[in-house]
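Me: I have a protein model open and I want to learn how to read it. Where do I start?

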Amino acid sequence: KTAKVWDAASGQLTLTFKGHAAEVWSVAFSPDGKKIVSAGFDKTLKVWDANTGQELLTLKGHTDGVTRAAFSPDGKKIVSASWDKTLKVWDATNGQQLLNLNGHTEWILSVAFSPDSKKIASGSSDKTVKLWDAVSGQEITTFKGHTDLVTSVAFSPDGKKIASGGHDKVGKVWDAG
């Protein structure tokens with residue numbers, strides 16, 4: 001039910017974030033390092049001040065546990081993935097929900113923004129990777145080929161490829177266009 005920040009050089013605990021009512025499944029720093037978002041199985045996300053540990057925002061809208069969260073590279077948005085089979089895009093400043101992305105048929109376990117913040121990739125227990133338009137929320141394409149749940153997605157630095165991996169013990173690379 002907590003998130004912690006550690007000093008990478010010394011290994012010392014520097015901050016503990018308390019506020020979720022259930023386990024925390026993922027955390028991510030904002031690009032400028034000033035904020036942290038935590039994804040909780042209490043159906044919420046929380047945005048914290050990375051220096052003081054103060055809770056800045058609580059994002060509510062998912063109907064099941066939140067598995068992953070990521071800031072956009074421009075720092076303006078947060079995307080969240082959930083067991084409720086949806087992705088949500090939030091304004092990182094005020095916490096307003098901007099988009100609700102539907103299309104997966106099972107839990108969503110991984111999510112990533114493209115380097116230009118214009119696309120989102122998601123991986124699911126439905127064995128697919130989906131590519132989304134981060135502005136309109138429209139699904140661009142579905143990549144099929146995994147034989148088990150997809151637990152990780154990442155964009156290449158140029159945004160032209162997506163790597164995925166999961167419980168089928170196979171890494172795949174997809175053309176993101």
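Reply: Start with accessibility. Buried means under 20% relative accessible area, exposed means over 50%, and partly exposed lies in between. Take K169: its relative accessibility is 80%, so K169 counts as exposed. Keep in mind that this is a predicted model.

Me: Where is K169 in the chain?

Reply: K169 sits in the loop between β16 and β17. Look at its backbone too. Its phi is near 65°, which is a positive value in a residue other than glycine.

Me: Which other residue has a positive phi although it is not a glycine?

Reply: K43 is one of them, with a phi of about 80°. K43 is in the loop between β4 (35-40) and β5 (44-49). Its relative accessible area is 39%, so K43 is partly exposed.

Me: Let me step back. How many helices and strands does the protein chain have?

Reply: The count is 0 helices and 17 strands. For overall dimensions, look at the C-alpha trace. Along its principal axes the trace spans about 45 × 35 × 30 Å.

Me: What does the radius of gyration say about the protein chain?

Reply: Compare it with a rule for globules. A compact globule with 177 residues would have a radius of gyration near 16 Å, and the protein chain has 16 Å, so the two agree. Residues 24 or more positions apart account for 35% of them.

Me: Next, charges. What is the idea behind a salt bridge?

Reply: Side chains of opposite charge can pair when their charged atoms come close. The cut-off here is a nitrogen of Lys or Arg within 4 Å of a carboxyl oxygen of Asp or Glu. A search of the whole structure finds 2 salt bridges.

Me: Which residue forms a salt bridge with E55?

Reply: The partner of E55 is K46, and their closest N and O atoms are 3.2 Å apart. Now apply the accessibility classes. E55 has 34% relative accessibility, so it counts as partly exposed. K46 has a relative accessible area of 7%, so K46 is buried.

Me: And which side chain meets E139 in a salt bridge?

Reply: That is K130, with an N to O distance of 3.2 Å. E139 is partly exposed, with a relative accessible area of 34%. K130 is buried, at 6%.

Me: What about K88: is it buried or exposed?

Reply: K88 is buried, yet has no salt bridge. The nearest side chain of opposite charge is D84, 5.0 Å away. K88 lies in strand β9. Check for polar partners as well. The side chain of K88 makes a polar contact of 2.5 Å with the side chain of N100. Leaving out residues up to four places away in sequence, K88 touches several others, including G61, H62, I78 and L99.

Me: Last topic, aromatic rings. Why is the pair of W83 and W107 stacked?

Reply: Ring planes under 30 degrees apart count as stacked. The search finds 6 aromatic pairs in the whole structure. In the pair of W83 and W107, the planes are at 10° and the ring centres 4.1 Å apart, so the pair is stacked. The pair links distant parts of the chain, 24 residues apart. W83 is in the loop between β8 (77-82) and β9 (86-91), while W107 is in the loop between β10 (97-102) and β11 (108-113).

Me: How accessible are W83 and W107?

Reply: W83 has 24% relative accessibility and counts as partly exposed. W107 is partly exposed as well, with a relative accessible area of 34%. Finally, ring pairs link W25, F41, W83 and W107 into a cluster.

Definitions and conventions. Residues are numbered from 1 along each chain as its sequence is written. This is a predicted model: local features need pLDDT of at least 70, side-chain atom pairs count only at pLDDT 80 or more; totals for chains, interfaces and linings use all residues. Side-chain values use heavy atoms; hydrogens and water are left out. Rings of Phe, Tyr and Trp (its six-membered ring) pair if their centres lie within 6.5 Å; planes under 30 degrees apart count as stacked, over 60 as edge-to-face and the rest as tilted. Helices (H or I, at least four residues) and strands (E, at least two) are DSSP runs, numbered from the N terminus. Buried means under 20% relative accessible area, exposed over 50%, partly exposed in between (1.4 Å probe, protein chains only). The radius of gyration is taken over C-alpha atoms; the globule rule is 2.2 Å times the number of residues to the power 0.38. Contact means heavy atoms within 4.5 Å. Lys and Arg count as positive and Asp and Glu as negative; His and the chain ends are not counted. A polar contact is a pair of N or O atoms within 3.5 Å; within protein, one must be able to donate a hydrogen and the other to accept it, and residues adjacent in sequence count only if both atoms are side-chain atoms.
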